[in-house]
Amino acid sequence: MLGTSILLALREIRRHILRSILTTLGIIIGVAAVVTMVTVGNGVTASVQEEISSLGASNFIVFPVRTTRGTIRAFDEADVRAVEQQIAGVQIAAGNVGSTGTAFYNGQDWDTRIQGVNNAFLEAQSITIEEGRPFSTDEEQAGKNVCLLGTKVQEALFLPGTSPVGARMRLGDVSCQVIGVIAERGQGGGGADDDDAVYMPLKTVQRRFKGNDRLDYFVLKYDASYAPSAIQDSLVDLLRERRLLQGAEPNDFNVIDTAQVNQALGAATGALTAMVAVIASISLLVGGIGIMNIMLVSVTERTREIGIRLAIGALAREVRLQFLTEAVVLCALGGLVGIALGFGASLGLAAAIDVPFVFDPMINLVSFLFAAAMGIVFGYYPASRASKLDPIDALRHE
Amino acid sequence: MTGEPLIQLKGITKTFGTGPAAFQALKGVDLAIDRGEFVAIMGPSGSGKSTTMNILGCLDVPTGGVFRFRGVEVQKLDRDQRSLLRRRYLGFVFQGFNLLARTTALENVELPLLYRGESKGQRREAAMRALDQVGLVPWADHTPAELSGGQQQRVAIARALVTQPDVLLADEPTGNLDSERSVEIMELLTRLNGEGITVLMVTHEEEMAAFARTIVRFRDGLVERIDRGARAATESAV
């Protein structure tokens with residue numbers, strides 16, 4: 001009986017194809033909206049997480065900011081050493097200075113970032129060496145012309161299958177010896193790409209590319225058993241003291257807590273998802289009312305048919321099942337179309353805003369079941385009305 | 001089977017509405033119909049013939065009195081129980097044919113079997129047999145819009161026959177047909193009656209009623225007169 005009902009329902013829907021499409025538009029749009037927003041939302045979250053991971057594995061990032069007087073006071077290696085030695089719980093503090101330049105090797109050239117860092121920085125950011133070796137203490141202290149390559153730089157300059165270790169390449173007008181390659185980070189997307197960079201000892205970059213001993217920023221990593229707020233407070237106090245800031249003067253530096261950024265972004269995405277859920281629910285509710293409306297019209301239109309069915313012996317519940325099935329099938333089809341539309345829309349949107357397409361089978365299933373459930377909720381009243389018609393009146397209906 | 005008639009009405013009354021607006025359509029109808037009869041119910045409009053037909057078809061219940069069908073007191077049954085009676089023992093033919101539009105003749109005929117839980121194969125076979133009985137096998141795949149009125153009514157008769165009912169109830173079956181088609185339909189009903197099915201028909205045309213063996217005449221909510229052997233008279237006249 002149910003199988004027959006479904007077939008009858010499909011036939012009825014096909015008979016009024018345009019009306020069926022218009023009726024389910026609300027459901028289609030609602031489901032498509034949910035699927036699209038959740039899928040794209042997942043993509044945004046994934047992209048944001050990637051971005052956060054590109055901040056590195058460190059806990060705090062500290063950088064100078066422009067004061068009201070318009071000056072920027074950079075940190076230097078002495079500040080970093082002081083932080084590392086004087087604040088309890090800090091395991092690593094390491095500076096970074098960046099530049100850009102063109103790398104040349106064997107007739108090839110590649111524009112890339114030049115990162116002045118020491119091994120401690122690599123460790124704080126969980127950057128590992130795939131091939132070759134890290135900087136030696138001597139190389140770091142003397143500012144030797146040695147470098148580690150990101151995989152993209154390696155791919156751009158060196159033939160596949162050949163090892164760059166030991167090669168002598170040129171970076172701008174500085175010649176340097178390749179001592180290793182860092183493991184691929186595969187971040188892509190926005191933000192700095194750790195794979196598209198050449199890493200040289202901090203002192204080398206300061207001396208050969210910058211001509212000063214300033215740092216762009218420094219990172220620090222602390223022991224997880226210490227309270228982050230306590231470390232942050234000590235850090236701010238120490239830096240204010242070192243920079244001779246008076247009581248009311250604002251900080252001329254900024255401390256970013258990556259965990260906080262993570263949380264804030266998570267909260268923002270959560271709020272966005274909740275808002276989308278509300279909008280989608282309204283759309284689905286409107287869609288459901290549309291279904292109820294058209295089912296009532298359908299019952300009225302087909303009063304004679306209902307009369308015939310009752311006269312030839314259909315039970316009330318059989319008539320009810322028929323109309324209920326029709327509403328559910330209509331909604332379920334709307335759900336399927338909505339999912340397909342949502343799939344296409346999220347694929348396009350993800351590409352347009354440059355976030356990964358993260359297919360979520362759960363939301364597709366849930367939306368489909370929800371749409372079908374709407375058929376039961378909003379189809380019940382019209383179906384029940386159909387089943388209660390008096391066969392004699394129904395047969396007389398014009 | 002006992003000696004009891006197939007259908008028995010005793011003191012049937014039917015009142016529509018309540019209070020001062022109440023209208024008594026039937027004022028105590030007594031009628032017995034035996035298996036295998038061909039009964040024409042006649043009478044002016046408002047005489048109670050349609051109300052009686054609705055009660056006989058188990059579509060409506062009397063306000064008072066006893067209606068026994070196959071020994072069952074129908075007035076005591078609920079809606080769904082009467083539906084079950086209709087699906088097993090009754091077949092309906094209406095004045096307006098009442099076929100499902102945009103649905104083939106075959107599917108229309110199969111419809112009652114849907115509610116009997118029969119398989120697709122069984123349904124198809126039974127429906128084709130019923131279409132064969134009314135001579136419409138070549139038209140099985142046509143929709144009502146593609147059929148003439150007479151053909152549509154024959155599809156409706158096939159639909160009524162497909163469940164092999166005890167009784168065929170026809171409410172003005174020729175009301176929408178010209179006289180030639182009407183005669184064809186009446187000849188078909190007569191033939192089916194000859195094969196054993198009990199036929200109850202409401203009509204206001206004497207020529208059509210003449211095909212029946214018994215004519216029950218209604219007036220003012222009561223049975224006015226019952227003419228037996230009407231067909232014999234017609235046949236001898238031909």
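Q: In this predicted model, what share of the contacts in chain B with a separation of 6 or more comes from residues 24 or more positions apart?

A: Residues 24 or more positions apart supply 67% of the contacts in chain B that have a separation of 6 or more. The chain comprises 238 residues, 46% of which count as buried. Its secondary structure consists of eight helices and ten strands.

Q: How is the packing of two helices read, and what is the case for α3(B) and α5(B)?

A: The angle between the axes decides the description, and angles under 35 degrees count as roughly parallel. Helix α3 (residues 105–114) and helix α5 (residues 149–161) of chain B have axes that come within 7 Å and cross at roughly 30 degrees. The two helices, α3(B) and α5(B), are therefore roughly parallel to each other. Their crossing is right-handed.

Q: Which residues make the contact between α3(B) and α5(B)?

A: On the side of α3(B) they are B:Ala105, B:Asn108, B:Val109, B:Leu111 and B:Pro112, and on the side of α5(B) they are B:Val155, B:Ala158 and B:Arg159. By class, six residues of this contact are nonpolar, one is polar and one is charged.

Q: How many residues of chain A are in contact with chain B, and which elements take part?

A: In chain A, 17 residues are in contact with 19 residues of chain B. The elements of chain A that give two or more residues to this side are α1 (2–15), α10 (303–311), α11 and α13 (391–396). The most comes from α10(A), with five residues. The side of chain A that touches chain B has eleven nonpolar, two polar and four charged residues.

Q: How is the span of a helix judged, and what does helix α11 of chain A show?

A: The span from the first C-alpha to the last is set against the one expected at 1.5 Å a residue. Helix α11 of chain A (residues 316–352) has 37 residues and reaches 53 Å, close to the expected 54 Å. Just after α11(A), A:Asp354 takes a positive phi of about 60 degrees.

Q: Where do A:Leu244 and B:Asp220 lie?

A: A:Leu244 belongs to the loop between α8 (228–242) and β12 (253–257) of chain A. B:Asp220 is placed in the loop between β9 (214–219) and β10 (222–228) of chain B.

Q: What surrounds A:Ser99, leaving aside residues up to four places away in sequence?

A: A:Ser99 lies in strand β3 (residues 90–105) of chain A. With that exclusion, A:Ser99 touches A:Ile114, A:Val205, A:Phe209 and A:Lys210. A:Ile114 is 15 residues apart from A:Ser99 along the chain, and their C-alpha atoms are separated by 4.9 Å. A:Ser99 counts as partly exposed because it has 18 C-beta neighbours inside 10 Å.

Note on methods
Residues numbered from 1 in each chain as written. Chains lettered and ligands numbered in written order. Predicted model: local features only at pLDDT ≥ 70, side-chain atom pairs only at ≥ 80, totals over all residues. Helix = DSSP H or I, 4+ residues; strand = E, 2+ residues; numbered from the N terminus. Expected span 1.5 Å × (residues − 1). Contact = placed C-beta atoms within 7 Å. Nonpolar A, V, L, I, M, F, W, Y, C, P; charged D, E, K, R; others polar. Buried ≥ 20, exposed ≤ 12 C-beta atoms within 10 Å, placed from the backbone. Axes fitted to C-alpha atoms, helices over the stretch in contact; angles between N-to-C directions. Parallel < 35°, antiparallel > 145°, perpendicular 65-115°, else oblique. Left-handed = near helix turned anticlockwise from the far one by under 90°.
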